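Below is a short note on how the chains of this model meet. Please read it with the structure open.

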Amino acid sequence: MSAPHSREPAAGGTPRAMTPAERRRAPDPRAAADWTARQTAETNLRALVGRAYPRVRGMFREPSWLFFEIFLPFLGTSAYVLVYRALRAPEAYVGFVVLGGALSAFWLNVVWSMAGQLYWEKSQGNLELYFAAPMSLMSVLLGMAAGGLAMSSTRAVAVLAISALVYAVPFHVAQWWLVAAVFALTLTALYGLGMMLASLFLLWGREAWHLTNVMVEPVYFVSGLNFPVGRLGAVGIAAIATIPFAVGLDAMRQLAFPGSGLLTGTPTPEAEALILVAMTVLFSVAAHWSMGVIERMARSRGSLSIRWQ
Amino acid sequence: MAVTAGGIGDSRRVEGLGLADTARHAWAALLLGWRVESNWADPVLFAIYTVIRPVSSMLLLTMMVAIVGGSADASSRTFVILGSALWAMLVSGLAGPAWSVLEDRERYRTLKYLYTSGATLLVLLVGRGGSRLLIGAMGSLVAILVAVALLGLRIDPAAVDWPLLLAAMLLGLPPVLALGIGLAAVCLQTRQESWNYPDAFSGAMFLVSGVVFPLAVLPRPLEALGLLNPVTWWVAGVRRAIIPGGPSSIGGAGSLWTAVTGTDAPGPAVILGALFLTGAVTTLVATALFRGSERRARDQGLLDRTTGS
Amino acid sequence: MSPTPPDGAPLPPAIEVAALRRTYDVKPRPVVALDGVDLEVAPGEFFGLLGPNGAGKTTLIKILTTLLLPSAGTARIFGFDVATDTRRIRRIMNMVAGGEQSGYGILTVREQLWMFSQFYGLGTREGWRRVDALVEAVGLGEQRLQRVSTLSTGQRQKMNMARGLLNDPWILFLDEPTLGLDVSAARSIREQVLAWKAEIPGRTVLLTTHYMAEADELCERIAIVDRGRILAIGTPAELKRRVQRDSIFRLAVDRLDGGPAALARLPGVVSAALASDHAPDAQHVAVNLVLREDAALGGVVTALARMGSQIRSLGKSEPTLEDVFVALVGRGLADEADDTAPLPPSEADDDLAAAHAPSHDAEAGR
């Protein structure tokens, strides 16, 4: 086959960024394979949006989640509130429970919709298509997170607002900017951890699913879901140092309920914000590194497309 | 094994199955469920996995009692510890059939084959749920042992009302599985992201089952709902059998139970009678719900779909 | 022959594989999936890998699509190493597998394809435009707003094909793309691929299949693969000429005690294998016989009489790829009933039609 090539070269043959349409008409495969950093970043961003799309669409297509993700979690949070009421505990504890119940939505999103998700993608036959596409798998994971975030945020806001109203939780926030910063940092650190776990789980089959499953209650306990984490002593400090959910929740509690006198034994919110910054950097770098290493290991073992493990 | 002319998937086909066939199918499903649940890890790892969730859950609640300090007496602690340890069984029983539906439909893609096999789907799901319930029972047992060893829970084997315990277990487990079947009916209609529905549902059940606080602290409508809930009577029966004379979740000053019956707390016979009645109603309702869901799934072609997002 | 880019420098081979080996560490003993494969495919070529299940075809595709690392040897796509230059390769290739169930059932066909278009960096609007064009091209216009979970097998595979073309790849890997499809759907897929490839020179396709007729119809060159090794490479015509020197007969008997192996042992018989269109529940046994010379037929007829078999039909036929396969591998695809999915009846009919068609030069029609 010696017909002259019909694909047009990029204008002037300069290395300027080609549009996707131009890229598809690149003069030869080697030129088409050479992308600028901008093209790569743009593709990753688009992949992120693309992967978030089905999750957001799914929210509207099947609204049963409103009942299971908002009403039932509110009842679950109420159960813990009533435990404290039955024990005649100080009212401040009710606020701790409500905040814990709201923020747990994000941890559940990380655990269920991110950490173990690649295993599901493998089961569905999507994982090998993700790997065979030119974007970074990190952008796919972030897309999953962003899509899941829409649902988690709705759940968190609803649980927080309804519980605060029903149980008359007294929030006394003085440093809104710090609350916003801590919240944002908690999310970035949480999703960094989620990406790291997702990459580690890439090597496993059902073990990943079970590890995901086992990361709920134990993390709730060591993070002080319903009580001040400082009361756990050394275990609480270890959790503050390693688990974004623990440190974010404690900082938010300190900022939302200042002067309660019940939140002792942990660093100040400012210090915890710095811990979250460090966690964000550490987990993101570790996720990027481990994704590369583990992808290579998975390609070597041939486990990227083995299903029904 | 005869199959009636009702055809594949027709509920009438069960008419052709004898009791022995049904029992054999349930047993096979139970064994299959056990293998699927346990063969992903070596026995030691599996044992750790089995107990880590219930123990963490128990510690979470025990910590809530502990930090309240003086206002929570030893009997409150015993009440909470025992209730939360039993909860592991309930969560497993609830999740078993629902997760089987999602796993077999989305991951292994065998739901259609199970449905078109000679056995009825309902029986198979009861078997699969039973295996998870057994695993949950192991977790509960270990959690109680941990509580005895480390948390000061005092159980006198000589004082345990063994007949009551046995009767409460025998009468209580079918409605627990029935609730799981009800959730399976929901998951037959919903998409893959329904994995945490059993957790959300059990969290809400926590509120109306008298597991960690007496029903009397609930608003009257919720208290009434709690009295119609077989899990309330199951937990009350087991608790009374293990710690005779301990505090009850039903009755007490200001409670609906006391207002209606004039007694402080129900006795063993009343507990078992109420457990039987509420359990029977729950089982009938859950079975009807599942049949309806099965019919709709068949009508809408939901049995072999994959729904991830 | 490969196309020449504007700068005049010749393109490297689309696929270049040297001494490729891949083993899987499975119990009880490691499995050798590829055992020293050498292969070169020119840019613009439609190349086929023909072999039974377990021959190593999918393993080779996985290595070439960067999903699997080789245990030894090298593989390059347009000069890019599959082990180290994965990003570049992924920008210019795509793949479609038969029976693929990828994507999300909750999305519509259009939405699903748009999502995949974003993974290749297409602009938002460009993505929708491309999706709409491809949906029409593959004949899914009516189903474009239908949820993926409600598509039939054939419709789903057409959607997968559209997905594979979203980024307009330079090299397309097709792994049994018509597996399980009926004649019409399989033909539609084949036509789409041919039409897409014909649009622009330089587009390369690597097809794996165990449907002989499909390979014969589509491929300019074919490699016959078995047990991890390439046994022969050539155009269909070249491969058929290899067995032209032998006499090929198609024989149908009412029963055959001992199977084709009983005939293969006879003097003058090169090979005997069940015909690929042979249905296990058929009233007769269809066997393809390759003889050194026509005279050997007498011995076969005598032996059949001795075995109590009655001949239903006997005819001399032109060599097909199946004969080539049998001659090279020593057995037919249909002989592997234990691990080879039987052809659906419709596909079997298709193959049968091809098998009885006059011999043709595969190059001529292209």
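**Note on two interfaces of chain A**

1. The rule finds four salt bridges across the interface of chain A and chain C, a salt bridge being a side-chain nitrogen of Lys or Arg within 4 Å of a carboxyl oxygen of Asp or Glu. One salt bridge joins the side chains of A:Arg61 and C:Glu111, at 2.8 Å from N to O. The interface of chain A and chain C also has 20 residue pairs in polar contact, both residues at pLDDT 80 or more. A polar contact is a pair of N or O atoms within 3.5 Å; within protein, one must be able to donate a hydrogen and the other to accept it, and residues adjacent in sequence count only if both atoms are side-chain atoms.

2. On the basis of the values: this is a predicted model, in which local features need pLDDT of at least 70 and side-chain atom pairs count only at pLDDT 80 or more, while totals for chains, interfaces and linings use all residues. Residues are numbered from 1 along each chain as its sequence is written, chains are lettered from A in the order in which they are written, and side-chain values use heavy atoms, with hydrogens and water left out.

3. For the extent of the A–C interface, 53 residues of chain A are in contact with 66 residues of chain C, contact meaning heavy atoms within 4.5 Å. The buried area is about 5200 Å², with 57% from carbon and sulfur atoms; buried area is the accessible area (1.4 Å probe) that two parts lose on being put together, summed over both.

4. The A–B interface takes 52 residues from chain A and 50 residues from chain B. Between chain A and chain B about 4700 Å² is buried, and carbon and sulfur atoms give 66% of this area. A:Phe68, A:Leu87 and A:Arg206 supply 14% of the area that chain A buries against chain B, more than any other three residues.

5. How many salt bridges does the rule find across the interface of chain A and chain B? There is one: A:Glu217 pairs with B:Arg53, with the closest N and O atoms 2.6 Å apart. The polar contact count between chain A and chain B is one residue pair, both at pLDDT 80 or more. The side of chain A that touches chain B divides into 30 nonpolar, eleven polar and eleven charged residues. Here Ala, Val, Leu, Ile, Met, Phe, Trp, Tyr, Cys and Pro count as nonpolar, Asp, Glu, Lys and Arg as charged, and the others, Gly among them, as polar.
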